Amino acid sequence: MPVFQGTDLLLLLALGGFIIWELAGLLSCRGKIKLPGKVFGRIISMILFMILVFVAAMRSQGDPTVRLIIFGGILLSGVLSLLLKAGLGDNGLYFNGSFIPYVKMKYYNIERENEKTFSFRMDAGRRDYVLEFPADQRELAIAYMIKGKVPDFQAYKEQQAQGRR
């Protein structure tokens, strides 16, 4: 009887794919983020993912060694996820292991601002990316957008209105 079967095999494949994706993201972003930001809900979503995989592994009737491997994969995946960074670089946005060049961004907008932080939304067509930065880095974040030729939301709306005429 094979050691890896059914749910165990699916969990191992999913965890393996996720860990490979995280490692690739770590390597691709390494040293390229100049202005680090925070991603909303990242820790909570990772905890929920780990709980889901943990529950699925506990329901497994397989070999205890396989369960131990799955638990190790869950822990490794969680640690790697916490190491993934997000922020702005010279050529674009780095977001949890993905790279989005400035040329793919339609606009940026500062949505929420207080004395400590501000929320920075970037529209990249199919997806919006939101990062939180310290308030004292507001001008630097805008400078990266200007350098990348990404318009702010008002300028984008004006360009769209002119394009329709």
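Guide: Let us begin with R138, which is partly exposed, its relative accessible area being 26%.

Visitor: Why is R138 called partly exposed?

Guide: Buried means under 20% relative accessible area, exposed over 50%, and partly exposed in between (1.4 Å probe, protein chains only). R138 has 26%, and therefore counts as partly exposed. Please note that this is a predicted model, in which local features need pLDDT of at least 70, side-chain atom pairs count only at pLDDT 80 or more, and totals for chains, interfaces and linings use all residues. Residues are numbered from 1 along each chain as its sequence is written, and side-chain values use heavy atoms, with hydrogens and water left out.

Visitor: How many salt bridges does the structure hold?

Guide: The structure holds six salt bridges. Among them is the pair of D90 and K147, whose closest N and O atoms are 3.5 Å apart. D90 lies in the loop between strand 2 and strand 3, and K147 in helix 4, so that the pair links distant parts of the chain, 57 residues apart. Here helices (H or I, at least four residues) and strands (E, at least two) are DSSP runs, numbered from the N terminus.

Visitor: Are D90 and K147 buried, partly exposed or exposed?

Guide: D90 has a relative accessible area of 36% and is therefore partly exposed. K147, at 54% relative accessibility, counts as exposed.

Visitor: What does the salt bridge between E132 and R112 tie together?

Guide: The side chains of E132 and R112 meet at 3.6 Å, N to O. E132 lies in strand 7 and R112 in strand 5, so the pair ties together parts that are 20 residues apart in sequence. E132 counts as buried, at 18% relative accessibility, whereas R112 is partly exposed at 42%.

Visitor: Which residues are linked in a network of salt bridges?

Guide: The network links E111, R121 and D128.

Visitor: Why is D123 said to have no salt bridge?

Guide: Lys and Arg count as positive and Asp and Glu as negative, while His and the chain ends are not counted. The nearest side chain of opposite charge to D123 is K106, 4.8 Å away. The limit is 4 Å, so the buried D123 has no salt bridge. D123 is placed in strand 6. Contact means heavy atoms within 4.5 Å; by that rule D123 touches K104, M105, K106, Y107 and D128, not counting residues up to four places away in sequence.

Visitor: What makes a group of residues a nonpolar core?

Guide: A nonpolar core is a set of buried Ala, Val, Leu, Ile, Met, Phe, Trp, Tyr and Cys residues joined through side-chain atoms within 4.5 Å. The largest one here has 23 residues, and those with the most contacts inside it are L88, L93, M105, F120, M122 and M145. Its largest share, four residues, comes from helix 4. A second, separate core of seven residues includes L11, V53, V66 and I70. In soluble globular proteins, nonpolar side chains tend to be buried together.

Visitor: What does L88 touch?

Guide: Leaving aside residues up to four places away in sequence, the contacts of L88 include I33, L35, L93, F120, M122 and M145.

Visitor: How do you know that the length of helix 3 agrees with expectation?

Guide: The expected span of a helix is 1.5 Å times one less than its number of residues. Helix 3 (residues 64–83) has 20 residues and should therefore span 28 Å; its end C-alpha atoms are 29 Å apart, which agrees.

Visitor: Where do the buried residues of helix 3 lie around the axis?

Guide: In helix 3, V66, I70, G73, I74, S77, G78, L80 and S81 are buried. They cover an arc of only 170° around the axis, and therefore lie on the same side of helix 3. The arc is that of the directions from the helix axis to the C-beta atoms. The face turned away from this buried side carries the exposed residues P64, L68 and L75.

Visitor: Is K149 buried or exposed?

Guide: K149 has 75% relative accessibility and therefore counts as exposed. K149 lies in the loop between helix 4 and helix 5 (153–164), and has a positive phi of about 60° although it is not a glycine.

Visitor: Is N96 buried or exposed?

Guide: The relative accessible area of N96 is 16%, so N96 is buried. N96 is placed in the loop between strand 3 and strand 4 (98–101).
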